[in-house]
Amino acid sequence: MLLSRHGYLFGSRARSDRWRLDRSAYILLSRIQLDGPMSIGRLTEAFGLDASTLNRQTAAMLRAGLVERIPDPDGGIARKFRVTEEGAKCLDEDRRLNVEVIGGLMADWTEGEVAGFAASLQRLNRAIEDLEGRPWPRPDGS
(Lines give C-alpha, C1' and ligand atoms only; values in the text may rest on other atoms or scores of the structure.)
Protein backbone atom coordinates (compact mmCIF):
# COMPACT_ATOMS: atom_id res chain seq x y z
CA MET A 1 0.00 0.00 0.00
CA LEU A 2 2.90 2.35 0.56
CA LEU A 3 3.78 2.02 -3.13
CA SER A 4 0.33 3.36 -3.96
CA ARG A 5 1.26 6.66 -2.34
CA HIS A 6 3.54 7.26 -5.32
CA GLY A 7 0.65 6.90 -7.73
CA TYR A 8 1.58 3.93 -9.86
CA LEU A 9 -1.24 1.64 -8.80
CA PHE A 10 -3.85 4.32 -8.42
CA GLY A 11 -2.52 6.42 -11.29
CA SER A 12 -3.24 3.51 -13.62
CA ARG A 13 -6.90 3.80 -12.64
CA ALA A 14 -7.25 6.83 -14.86
CA ARG A 15 -6.63 4.47 -17.78
CA SER A 16 -8.98 1.75 -16.58
CA ASP A 17 -12.49 1.43 -15.25
CA ARG A 18 -11.72 -1.89 -13.54
CA TRP A 19 -10.85 -0.30 -10.18
CA ARG A 20 -13.72 0.59 -7.88
CA LEU A 21 -12.05 2.49 -5.03
CA ASP A 22 -10.03 5.66 -4.80
CA ARG A 23 -6.78 5.67 -2.82
CA SER A 24 -8.26 6.94 0.47
CA ALA A 25 -11.15 4.45 0.42
CA TYR A 26 -8.77 1.57 -0.35
CA ILE A 27 -6.48 2.44 2.55
CA LEU A 28 -9.26 3.16 5.07
CA LEU A 29 -11.23 0.04 4.14
CA SER A 30 -8.08 -2.07 4.42
CA ARG A 31 -7.43 -0.81 7.94
CA ILE A 32 -11.04 -1.19 9.10
CA GLN A 33 -11.19 -4.69 7.61
CA LEU A 34 -8.07 -5.72 9.56
CA ASP A 35 -8.82 -3.92 12.84
CA GLY A 36 -12.61 -4.28 12.91
CA PRO A 37 -15.04 -1.39 13.43
CA MET A 38 -13.27 1.92 14.09
CA SER A 39 -14.37 5.37 15.24
CA ILE A 40 -13.15 8.63 13.74
CA GLY A 41 -10.91 8.97 16.80
CA ARG A 42 -9.24 5.61 16.21
CA LEU A 43 -8.84 6.37 12.51
CA THR A 44 -7.22 9.70 13.45
CA GLU A 45 -4.74 7.87 15.68
CA ALA A 46 -4.06 5.20 13.07
CA PHE A 47 -3.38 7.58 10.18
CA GLY A 48 -2.32 10.84 11.80
CA LEU A 49 -4.99 12.74 9.86
CA ASP A 50 -7.31 15.33 11.33
CA ALA A 51 -10.93 14.47 12.01
CA SER A 52 -12.25 16.83 9.31
CA THR A 53 -10.31 14.96 6.62
CA LEU A 54 -11.53 11.60 7.89
CA ASN A 55 -15.10 12.87 8.19
CA ARG A 56 -15.06 13.83 4.49
CA GLN A 57 -13.53 10.50 3.46
CA THR A 58 -15.87 8.37 5.58
CA ALA A 59 -18.90 10.39 4.43
CA ALA A 60 -18.00 9.59 0.82
CA MET A 61 -17.62 5.90 1.72
CA LEU A 62 -21.00 5.95 3.51
CA ARG A 63 -22.69 7.47 0.45
CA ALA A 64 -21.09 4.80 -1.76
CA GLY A 65 -22.29 2.02 0.55
CA LEU A 66 -18.75 0.88 1.37
CA VAL A 67 -19.09 1.33 5.15
CA GLU A 68 -21.91 1.64 7.63
CA ARG A 69 -22.07 3.34 11.02
CA ILE A 70 -22.81 1.08 13.94
CA PRO A 71 -23.05 1.52 17.70
CA ASP A 72 -19.81 0.72 19.51
CA PRO A 73 -19.88 -3.06 20.12
CA ASP A 74 -17.99 -2.41 23.38
CA GLY A 75 -20.67 -0.01 24.65
CA GLY A 76 -18.75 3.23 24.07
CA ILE A 77 -20.40 6.47 23.03
CA ALA A 78 -18.72 6.96 19.66
CA ARG A 79 -20.26 5.22 16.68
CA LYS A 80 -17.93 3.14 14.56
CA PHE A 81 -17.48 2.42 10.89
CA ARG A 82 -17.77 -1.16 9.68
CA VAL A 83 -17.02 -2.42 6.17
CA THR A 84 -20.17 -3.46 4.33
CA GLU A 85 -20.45 -6.52 2.11
CA GLU A 86 -20.17 -4.21 -0.91
CA GLY A 87 -17.10 -2.50 0.59
CA ALA A 88 -15.41 -5.86 1.18
CA LYS A 89 -16.23 -6.96 -2.36
CA CYS A 90 -14.74 -3.78 -3.87
CA LEU A 91 -11.67 -4.01 -1.64
CA ASP A 92 -11.04 -7.64 -2.53
CA GLU A 93 -11.39 -6.94 -6.25
CA ASP A 94 -9.11 -3.90 -6.16
CA ARG A 95 -6.56 -5.80 -4.09
CA ARG A 96 -6.59 -8.58 -6.71
CA LEU A 97 -6.07 -6.01 -9.48
CA ASN A 98 -3.21 -4.39 -7.57
CA VAL A 99 -1.49 -7.76 -7.21
CA GLU A 100 -2.04 -8.35 -10.93
CA VAL A 101 -0.41 -4.99 -11.80
CA ILE A 102 2.58 -5.65 -9.54
CA GLY A 103 2.87 -9.18 -10.93
CA GLY A 104 3.03 -7.72 -14.43
CA LEU A 105 5.76 -5.30 -13.39
CA MET A 106 7.82 -8.18 -12.01
CA ALA A 107 7.01 -10.76 -14.67
CA ASP A 108 10.62 -11.05 -15.81
CA TRP A 109 12.12 -11.04 -12.30
CA THR A 110 13.56 -14.22 -10.85
CA GLU A 111 12.04 -15.73 -7.71
CA GLY A 112 15.14 -14.61 -5.81
CA GLU A 113 14.77 -11.03 -7.03
CA VAL A 114 11.10 -10.94 -6.04
CA ALA A 115 11.86 -12.41 -2.60
CA GLY A 116 14.72 -9.96 -2.05
CA PHE A 117 12.59 -7.01 -3.08
CA ALA A 118 9.73 -8.15 -0.84
CA ALA A 119 12.06 -8.46 2.15
CA SER A 120 13.61 -5.05 1.49
CA LEU A 121 10.22 -3.41 1.00
CA GLN A 122 8.93 -4.92 4.23
CA ARG A 123 11.99 -3.59 6.06
CA LEU A 124 11.50 -0.12 4.52
CA ASN A 125 7.79 -0.10 5.43
CA ARG A 126 8.58 -1.07 9.03
CA ALA A 127 11.19 1.72 9.26
CA ILE A 128 8.62 4.25 8.01
CA GLU A 129 6.04 2.95 10.48
CA ASP A 130 8.55 3.09 13.35
CA LEU A 131 9.50 6.65 12.42
CA GLU A 132 5.86 7.72 12.44
CA GLY A 133 4.93 5.58 15.44
CA ARG A 134 2.02 4.06 13.53
CA PRO A 135 2.56 0.34 12.95
CA TRP A 136 0.18 -1.17 10.44
CA PRO A 137 -1.62 -4.30 11.56
CA ARG A 138 -0.81 -7.30 9.43
CA PRO A 139 -3.06 -10.32 9.14
CA ASP A 140 -0.08 -12.67 8.86
CA GLY A 141 1.66 -11.31 11.96
CA SER A 142 4.72 -10.17 9.99
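Predicted model: local features only at pLDDT ≥ 70, side-chain atom pairs only at ≥ 80, totals over all residues.

Colleague: How do you know where confidence is lowest and where it is highest in the protein chain?

Modeller: The guide is pLDDT, the predictor's confidence in each residue, from 0 to 100. Helix α1 (residues 8-11) has the lowest mean, 54, and strand β2 (residues 80-83) the highest, 97. For the protein chain the mean is 85, and 85% of its residues reach 70 or more.

Colleague: How many helices and strands does the protein chain have?

Modeller: There are six helices and two strands, in the order α-α-α-α-β-β-α-α along the sequence. Both kinds of element are DSSP runs, numbered from the N terminus: helices are H or I with at least four residues, strands are E with at least two.

Colleague: Why is T58 called buried?

Modeller: Buried means under 20% relative accessible area, exposed over 50%, and partly exposed in between (1.4 Å probe, protein chains only). T58 has 2% relative accessibility and therefore counts as buried. Buried residues make up 32% of the 142 residues in the protein chain.

Colleague: Which residues does T58 touch, apart from those up to four places away in sequence?

Modeller: T58, which lies in helix α4 (residues 51-63), touches I40, L43, V67 and F81 on that count. Contact here means heavy atoms within 4.5 Å.

Colleague: What makes E68 and R82 a salt bridge?

Modeller: A salt bridge is a side-chain nitrogen of Lys or Arg within 4 Å of a carboxyl oxygen of Asp or Glu. The N to O distance between E68 and R82 is 2.8 Å, and their side chains meet in a salt bridge. Since E68 lies in strand β1 (residues 67-70) and R82 in strand β2, the pair ties together parts that are 14 residues apart in sequence. E68 is partly exposed at 32%, as is R82 at 37%.

Colleague: Are D72 and K80 buried or exposed?

Modeller: D72 is buried, at 14% relative accessibility, and K80 is buried at 9%. These residues form a salt bridge, with their closest N and O atoms 3.5 Å apart.

Colleague: What separates R96 and E100 in helix α5?

Modeller: About one helical turn separates them, because they are four residues apart in helix α5 (residues 85-105). R96 is partly exposed at 42%, and E100 is partly exposed at 39%.

Colleague: How many salt bridges does a search of the whole structure find?

Modeller: The search finds nine. Moreover, R31, D35 and R42 are linked in a network of salt bridges.

Colleague: Why is V114 called partly exposed?

Modeller: The relative accessible area of V114 is 31%, so V114 is partly exposed. V114 lies in helix α6 (residues 111-132).

Terms used. Residues numbered from 1 in each chain as written. Heavy atoms only, no water.
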